[in-house]
Amino acid sequence: PTGSWQLGAVPVGGWPTTAPISPWLLWAGGALALIAGWLSYRAVYMNLENKRLLLAILPSAIADRMKRGEMTIADGYAETTVIFADIVGFTGLSGEMSSAKLVNLLNDIFCEFDFLAETAGVEKIKTIGDAYMAAAGVPAPPSHTPEPIADMPAHMHPVDERINHRQ
């Protein structure tokens with residue numbers, strides 16, 4: 001039969017000299033593939049960024065529950081010990097320092113408090129301005145004695161003294 005394929009090897013009359021698809025369609029397909037790849041990359045990046053932000057402000061157990069879709073998370077703990085630390089004289093100090101220096105000072109103090117909390121097995125709850133809150137027995141069920149968190153103020157005081165000597 002004339003004009004047909006013979007045994008699927010070579011078309012009668014040889015291979016076509018022009019592409020059966022226009023160059024514009026090839027360009028558009030390539031552009032779409034690039035866009036799809038970029039969108040896929042952005043989705044993965046945003047997911048990692050969201051996870052990083054969640055973990056920066058929430059305990060990992062709570063962040064995981066939120067990612068699984070739990071909307072209301074309100075757990076009760078019968079045996080919890082909470083510590084609240086406030087920097088005495090902070091309001092007066094804030095009027096004497098530049099904003100950048102004040103933020104750096106708080107960051108130095110709270111980073112050391114975070115280290116103390118982690119070392120003691122205590123969960124940092126939050127910082128608000130110059131206040132620091134941590135708790136033992138949350139979010140994991142309590143299997144602690146109050147000693148680790150009760151010892152924290154004794155370890156926090158030298159941090160304050162070291163920071164004051166650097167000023």
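Is Arg-65 buried, partly exposed or exposed? Point 1 takes this up, and the other points cover the rest of the predicted model.

1. **Arg-65.** Arg-65 counts as buried, because its relative accessibility is 18% and the cut-off for buried is under 20%. This arginine lies in helix H2, which spans residues 60-67. Leaving aside residues up to four places away in sequence, Arg-65 touches Glu-70, Ile-73 and Asp-75.

2. **Overall make-up.** The protein has 167 residues, and 20% of them count as buried. Arg-65 is one of the residues in the buried class. There are 6 helices and 5 strands. Along the sequence they follow the pattern β-β-α-α-β-α-α-β-β-α-α.

3. **Contacts and surface.** Take the contacts in the protein with a separation of 6 or more: 56% of them join residues 24 or more positions apart. The accessible surface comes to about 12,200 Å². Carbon and sulfur atoms hold 63% of that surface.

4. **The sheet.** Three strands form an open sheet, in the order S3-S5-S4, with antiparallel pairing. Strand S3 (81-86) and strand S4 (123-128) are the edge strands; each has a single partner, so one side of each is left without a neighbour in the sheet. From one strand to the next, the twist averages 15 degrees. As background, strands of a sheet pair through backbone hydrogen bonds, in either a parallel or an antiparallel way.

5. **The S3-S5 pairing.** Strand S5 covers residues 131-136. It runs antiparallel to S3, and 6 bridges join the two. Within this part of the sheet, Val-82 stands opposite Ala-135 in S5.

6. **Helix H4 on the sheet.** Helix H4 (residues 99-120) packs on the sheet. The strands it touches are S4 and S5. The direction of H4 makes about 5 degrees with that of S5.

7. **Met-46.** Met-46 has its place in helix H1, residues 23-57. By contrast, Arg-65 in helix H2 counts as buried.

Technical notes:
Residues are numbered from 1 along each chain as its sequence is written. This is a predicted model: local features need pLDDT of at least 70, side-chain atom pairs count only at pLDDT 80 or more; totals for chains, interfaces and linings use all residues. Side-chain values use heavy atoms; hydrogens and water are left out. Two strands pair if DSSP finds at least two bridges between them. Helices (H or I, at least four residues) and strands (E, at least two) are DSSP runs, numbered from the N terminus. Axes are lines fitted to C-alpha atoms, for helices over the stretch in contact, and angles run from 0 to 180 degrees between N-to-C directions. Contact means heavy atoms within 4.5 Å. Buried means under 20% relative accessible area, exposed over 50%, partly exposed in between (1.4 Å probe, protein chains only). Accessible areas come from the Shrake-Rupley method with a 1.4 Å probe; for residues, only the protein chains shown count as cover.
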